[in-house]
Amino acid sequence: MAARARCSRLVAPLAGLLGGLMSTTPVAAVTLPEDSAEAMYHLYDGGGLTASGPALLVRKSLFDKVSLTGTYYVDMVSNASIDVVTTASPYEETRKEYAVSADYAYRDSLLSLSYSNSDEPDYKAQSLSIDASQEVFGNMTTIKLGFTRGKDDVGKTGEGFFDYAKHWRYRLGVTQILTPTWLASLNLEAVSDEGFLGSPYRAAIVFGAFVPERNPRTRSSRSIKLGAIGEIMPRTSLHVDYRYFWDNWEIKAHTFEVGGSRHVGESFLIDGYLRYYKQSAALFYSDNATSETVYVSRNRQLSTFDDVAPGVRVTYVYKQVPGKYEVKGNLNYEYQRYKFSDFTDIRSGQLYSYGAHVLQLLVTATF
């Protein structure tokens, strides 16, 4: 998990929300995304942090070769998390993000270019991404390559912007059609970060005294993800995923997810899933350090903890005219339970744990 976890990363983006609804029917050739308009309301509530707001997406194709997309995303944050209430005062702020992207289809290839910009009182972020996919071996195999370059301006209330953070992300993925109803995928990602990779508001504890946290100014991480999805009986599918993450801060993490989808009648699709996440602590993490070191942090996201997250997603097709348009609604609810092994609540001295609720309401119209 990133040292600075912002609320927007706790909920899925609009386009990604529909990932669990993918069809298991093989596609004959590369096609552009459907023309669509989407509106979403998202809510995250847990651990003293509440984030909510709307999101909008509009996608339109041109000349059957190019698809343009624009998105707008808002986080209205009320933060009284344990980090805040034990070292600072609760606060409220609003984060806004704008993004544009273009997809270009040529034969069995798809090229995508996207740019995003987010703004909040003490943090500004920009990123540029390029992705390419190619279908080979008679469209049985899809190979994807991607790169993202990010640049953030880091600030502090009352002090202004004082530092930066840069990010480089490299992606490689392969999806293979195994049978007419089963797909398997392998995804690799490498990330390099440089700059201010902590929080100017967070404090560490050394010999029982509060000191500003000190994180390294560089970080590199790697991850590998394996997945499979397929039809196990008519109108019912199953998916299984495993992801392994490691970095040079000595964090190692495992993520397991299993879920199923079932069509009910002609209008409903019901998805259920369970995800389990477990990670080890960073080399320089300490709940209460007993020696002075160059780097020290009490960021709970760098500690040893696990998370269990069951979820359910219900999709209702309101109206559909094949080949013309479709209107549907989507409700997604997820409960996240975090349990920390070496991070304590200094108010009670007990190991910390909390639950969080994630809710998404989405309406999509294709045309």
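Reader: Is D75 buried or exposed, and at what relative accessibility?

Author: This is a predicted model. Buried means under 20% relative accessible area. D75 falls under that cut-off, so D75 counts as buried, at 1%.

Reader: Which residue forms a salt bridge with D75?

Author: The closest N and O atoms of the pair are 3.7 Å apart. A salt bridge needs them within 4 Å. The partner of D75 is R95.

Reader: How many residues apart in sequence are the parts that D75 and R95 tie together?

Author: The salt bridge joins D75 and R95. D75 lies in strand β3, residues 66-79, and R95 in strand β4, residues 91-106. The pair therefore ties together parts separated in sequence by 20 residues.

Reader: Which residues are linked with D75 in a network of salt bridges?

Author: R95 is one of them, and R95 is buried, with a relative accessible area of 8%. The network links D75 with R95, E97 and E120.

Reader: Which strands hold E334 and R275?

Author: E334 forms a salt bridge with R275, with the closest N and O atoms 2.7 Å apart. The two parts it ties together are 59 residues apart in sequence, because E334 lies in strand β17 and R275 in strand β15.

Reader: Are E334 and R275 buried or exposed?

Author: The cut-off for buried is under 20% relative accessible area. Both E334 and R275 are buried.

Conventions:
Residues numbered from 1 in each chain as written. Predicted model: local features only at pLDDT ≥ 70, side-chain atom pairs only at ≥ 80, totals over all residues. Heavy atoms only, no water. Salt bridge = Lys/Arg side-chain N within 4 Å of Asp/Glu carboxyl O. Helix = DSSP H or I, 4+ residues; strand = E, 2+ residues; numbered from the N terminus. Buried < 20%, exposed > 50% of the residue type's maximum accessible area, 1.4 Å probe, protein only.
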